[in-house]
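Please read the following points with the sequence and the model side by side, taking each in turn and finding the residues as they are named.

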Amino acid sequence: MWKIQDHLTNKNGVLHIGGVNTIKLASKYGTPLFVTDEKRIQKNYNSLYAAFSKYYDKFQINYAVKANNNLAILRILRKLNSGADCSCPEEIFLAKKAGFSSSSIMYTGNYNSKPELEFALKSKVNINIDNLSLLHNLFDIGKPNFISFRVNPGFGKGGYRGLTLGGSKSKFGVSIRDAKNGFKLSKENNVKRFGLHMMTGSAILDNSYFKTITNKILDIAEDISETVGIKFDFINIGGGLGIPYNPNQKPLNINKIGMEIGKLFNRRLNNSNIGKPSLMIEPGRYVVGDSTILLSRVHSIKKTMKTFVGIDAGMNTLLRPALYDAYHQIYVANNLNSRTMETVDVCGQVCENTDIVAKNRKLVKIREGDTLAILNTGAYGFSMSSQYNSRPRAAEILVSGGKSDLIREREKVTDLFKLVKIPKRLRK
Ligand code: PLP
């Protein structure tokens, strides 16, 4: 028996996740099917927590709900004592539904409407501001007792071009000058607690980058503390911790990152006027990314100038390959021991030529009826899926202790029109 990862094992040529046979899951629940291993999420969270908290005791993880917003998964994270990073009122609603307390939720929206700000204020969550004009709008609505700013430090980094979230071309964050003005205004308006936040990119596999951004945010915090005369309750260095999607990529050395950042915090906060803030991170991908596989059935293989393997999961199910040209490892779940290789394109059933899940990929020879397992689909997998081409969204399963539970039913065709209203004149 060999294994792909601890939770993905080969038993007699069949892929198992968390000890559960994936072929049996596919026949029980149908495909496409997202299957998540609960233990893997716990392991990822706990190792991350241990790596940082060992060196800096006031450490807090806010799981990024956008990565995977299934309530069952949010509950796993809440039970681990995670906080929640929410990008919109709907994510705040979900986090609360999953049991997160208001004080453990941070709301980082962008270009927020007044009703959205009002909802956040009423919900008593911590609001992280992405534009100075939003602070004015917030003060028009009410008096927050906490304010944080998302700062764009002028640079960023990302696993793909679309995942670089800082720098001159980024729509996110405020300038340091605007942050200073915003904190001054907040102080004048009797705001008592402050935070500082930076999120400059996602899917980053460069260990040293996290030290760079930590130094930068501490520089900015010192400057603001000195000029505005405030202390910070927390400093949030964002998410962005990458995972290896491609076997050629090296995983992050999370223990080294945690040690470097923890030590940096201790050293730089000693004798500084920033206060003794909590160190906060808000990872999504690192916590849930590799916990999930997407099972999909091969329905048709076409040989033209290339070989196209047509499966029932496309860009509607997993958008990342079409959106970023992202790479996801694929295994033939029912035939792991085969040695015959073939180079193919794996495609979905959507009427777009960008609906390619894997391009020119060398895989074991695939037959119609096989079940493919697409790896690392726990983050931005289901949460980015759509009903495009009138395809109902996939089901989701959680495996734990050798058992499986349905955590989201497969959508039905009736879900495609349940919110649609037909004007009377068109009903005949
Ligand atoms: N925080 C913010 C503000 C984000 O926009 C994102 C992702 O885009 C995250 C956290 C989570 O990022 P990641 O999944 O790379 O950790």
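1. A backbone N or O atom of Gly-284 lies 2.9 Å from an oxygen atom of the ligand, a polar contact in the sense of a pair of N or O atoms within 3.5 Å. Gly-240 likewise places a backbone N or O atom 2.9 Å from a ligand oxygen, while in Tyr-380 an N or O atom of the side chain is 2.6 Å from an oxygen atom of the ligand. The ligand taken alone exposes 400 Å², of which the protein buries 92%, with accessible areas computed by the Shrake-Rupley method with a 1.4 Å probe.

2. This is a predicted model, in which local features need pLDDT of at least 70 and side-chain atom pairs count only at pLDDT 80 or more, whereas totals for chains, interfaces and linings use all residues. Residues are numbered from 1 along each chain as its sequence is written, and side-chain values use heavy atoms, leaving out hydrogens and water.

3. Helix α2 (residues 38–53) packs against helix α9 (residues 254–269) at an angle of about 35 degrees, their axes being 7 Å apart; helices here are DSSP runs of H or I with at least four residues, and strands are runs of E with at least two. The axes are lines fitted to C-alpha atoms over the stretch in contact, and angles between N-to-C directions run from 0 to 180 degrees.

4. A cis peptide bond, with omega about -5 degrees, joins Thr-31 and Pro-32, and Pro-32 belongs to the loop between α1 (22–29) and β5 (33–37). Asp-325, a residue other than glycine, has a positive phi near 65 degrees, and its place is in the loop between α11 (320–324) and β16 (330–332).

Conventions: Polar contact = N/O pair within 3.5 Å; in protein donor to acceptor, adjacent residues only side chain to side chain.
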